[in-house]
Amino acid sequence: RDINSFEIPVMGKWRSGGGLIRPIVGAGVSFRRWGDFGNFLGGDLDRNNTGFVLGGGIEIRAIFLRITPEIRYTRWGAQSFTPTVQASRNQWDFLVGFTF
(Lines give C-alpha, C1' and ligand atoms only; values in the text may rest on other atoms or scores of the structure.)
Protein backbone atom coordinates (compact mmCIF):
# COMPACT_ATOMS: atom_id res chain seq x y z
CA ARG A 1 0.00 0.00 0.00
CA ASP A 2 1.23 3.52 -0.79
CA ILE A 3 1.41 6.31 1.77
CA ASN A 4 1.58 9.81 0.33
CA SER A 5 2.90 13.03 1.83
CA PHE A 6 3.40 16.63 0.85
CA GLU A 7 5.98 19.15 2.04
CA ILE A 8 5.99 22.93 2.17
CA PRO A 9 9.44 24.46 2.68
CA VAL A 10 9.67 28.09 3.87
CA MET A 11 13.18 29.37 3.20
CA GLY A 12 15.13 32.57 3.08
CA LYS A 13 17.70 32.68 0.26
CA TRP A 14 20.74 34.85 -0.30
CA ARG A 15 22.30 35.44 -3.72
CA SER A 16 25.81 36.82 -4.08
CA GLY A 17 27.29 38.86 -6.90
CA GLY A 18 25.77 40.20 -10.06
CA GLY A 19 27.39 38.17 -12.84
CA LEU A 20 26.03 35.46 -15.08
CA ILE A 21 26.64 32.76 -12.43
CA ARG A 22 25.79 33.57 -8.81
CA PRO A 23 26.04 31.32 -5.73
CA ILE A 24 22.91 30.84 -3.63
CA VAL A 25 22.54 29.66 -0.02
CA GLY A 26 19.33 29.26 1.95
CA ALA A 27 17.91 28.08 5.25
CA GLY A 28 14.48 27.67 6.79
CA VAL A 29 11.88 25.18 7.94
CA SER A 30 9.80 22.58 6.14
CA PHE A 31 6.36 21.30 7.07
CA ARG A 32 5.30 17.77 6.09
CA ARG A 33 1.86 16.18 6.22
CA TRP A 34 1.49 12.44 5.72
CA GLY A 35 -1.55 11.12 3.86
CA ASP A 36 -4.25 8.96 5.38
CA PHE A 37 -2.76 5.81 6.88
CA GLY A 38 -6.17 4.29 7.48
CA ASN A 39 -5.72 0.96 9.27
CA PHE A 40 -2.42 0.32 7.50
CA LEU A 41 -0.26 1.05 10.55
CA GLY A 42 -2.94 0.95 13.21
CA GLY A 43 -3.49 3.36 16.06
CA ASP A 44 -3.90 7.11 16.15
CA LEU A 45 -0.85 8.65 14.46
CA ASP A 46 0.46 12.20 14.28
CA ARG A 47 0.64 12.89 10.56
CA ASN A 48 2.37 16.30 10.88
CA ASN A 49 6.12 16.84 11.02
CA THR A 50 8.53 19.79 10.82
CA GLY A 51 12.19 19.96 9.94
CA PHE A 52 15.14 22.30 9.48
CA VAL A 53 16.27 22.96 5.88
CA LEU A 54 19.67 24.00 4.47
CA GLY A 55 20.34 24.46 0.77
CA GLY A 56 22.86 25.73 -1.71
CA GLY A 57 23.39 26.02 -5.43
CA ILE A 58 24.02 28.41 -8.28
CA GLU A 59 21.90 30.67 -10.45
CA ILE A 60 22.83 30.73 -14.13
CA ARG A 61 21.45 33.78 -15.90
CA ALA A 62 20.83 33.74 -19.64
CA ILE A 63 19.12 36.42 -21.75
CA PHE A 64 15.56 35.46 -20.81
CA LEU A 65 16.04 32.36 -18.63
CA ARG A 66 17.42 31.61 -15.17
CA ILE A 67 18.45 28.04 -14.35
CA THR A 68 18.93 27.29 -10.67
CA PRO A 69 20.26 23.85 -9.67
CA GLU A 70 20.19 23.35 -5.90
CA ILE A 71 20.99 20.68 -3.31
CA ARG A 72 18.75 20.77 -0.24
CA TYR A 73 19.10 18.92 3.07
CA THR A 74 16.20 18.49 5.53
CA ARG A 75 16.56 17.17 9.07
CA TRP A 76 13.10 16.07 10.21
CA GLY A 77 12.10 16.41 13.85
CA ALA A 78 10.38 13.02 14.24
CA GLN A 79 11.34 9.59 13.05
CA SER A 80 8.79 7.08 14.29
CA PHE A 81 5.23 6.48 13.13
CA THR A 82 4.79 3.57 15.51
CA PRO A 83 7.30 1.57 17.56
CA THR A 84 7.80 -0.78 14.58
CA VAL A 85 7.61 1.62 11.60
CA GLN A 86 10.24 4.34 11.24
CA ALA A 87 11.34 6.76 8.54
CA SER A 88 14.74 8.35 8.12
CA ARG A 89 15.14 11.80 9.68
CA ASN A 90 17.61 12.82 6.93
CA GLN A 91 16.41 13.85 3.49
CA TRP A 92 18.48 15.03 0.50
CA ASP A 93 16.90 16.62 -2.59
CA PHE A 94 18.35 17.79 -5.89
CA LEU A 95 16.18 20.46 -7.51
CA VAL A 96 16.43 22.46 -10.74
CA GLY A 97 14.38 25.64 -11.12
CA PHE A 98 13.61 27.42 -14.38
CA THR A 99 12.50 31.06 -14.32
CA PHE A 100 11.40 32.97 -17.41
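**Aromatic rings and their surroundings**

Mentor: The charged end of Arg-32 lies over the ring of Trp-76, at 3.9 Å from the ring centre; this term requires NZ of Lys or CZ of Arg within 6 Å of the ring centre and within 35 degrees of the ring normal. The model is predicted, so local features need pLDDT of at least 70 and side-chain atom pairs pLDDT 80 or more, whereas totals for chains, interfaces and linings use all residues. Residues are numbered from 1 along each chain as its sequence is written, and side-chain values use heavy atoms, without hydrogens or water.

The rings of Tyr-73 and Trp-92 have centres 4.8 Å apart and planes at 45 degrees, so the pair is tilted, that is, neither stacked (under 30 degrees) nor edge-to-face (over 60). The pair links distant parts of the chain, 19 residues apart: Tyr-73 belongs to strand E4 (residues 66-76) and Trp-92 to strand E5. Strands are DSSP runs (E, at least two residues), numbered from the N terminus.

Tyr-73 is partly exposed at 22% relative accessible area, while Trp-92 is exposed at 63%; buried means under 20%, exposed over 50% and partly exposed in between, with a 1.4 Å probe and protein chains only.

Trp-92 also belongs to a nonpolar surface patch, whose members include Phe-94 and Phe-98 and together have about 1100 Å² of accessible area, by the Shrake-Rupley method. Such a patch joins nonpolar side chains within 5 Å, from residues with over 30% relative accessible area and no salt bridge (Lys or Arg side-chain nitrogen within 4 Å of an Asp or Glu carboxyl oxygen). Strand E5 (residues 90-99) gives the most to this patch, with four residues.

Terms used
Patches are made of residues with over 30% relative accessible area and no salt bridge: like charges are joined within 9 Å, nonpolar side chains (Val, Leu, Ile, Met, Phe, Trp, Tyr) within 5 Å. Accessible areas come from the Shrake-Rupley method with a 1.4 Å probe; for residues, only the protein chains shown count as cover. Rings of Phe, Tyr and Trp (its six-membered ring) pair if their centres lie within 6.5 Å; planes under 30 degrees apart count as stacked, over 60 as edge-to-face and the rest as tilted.
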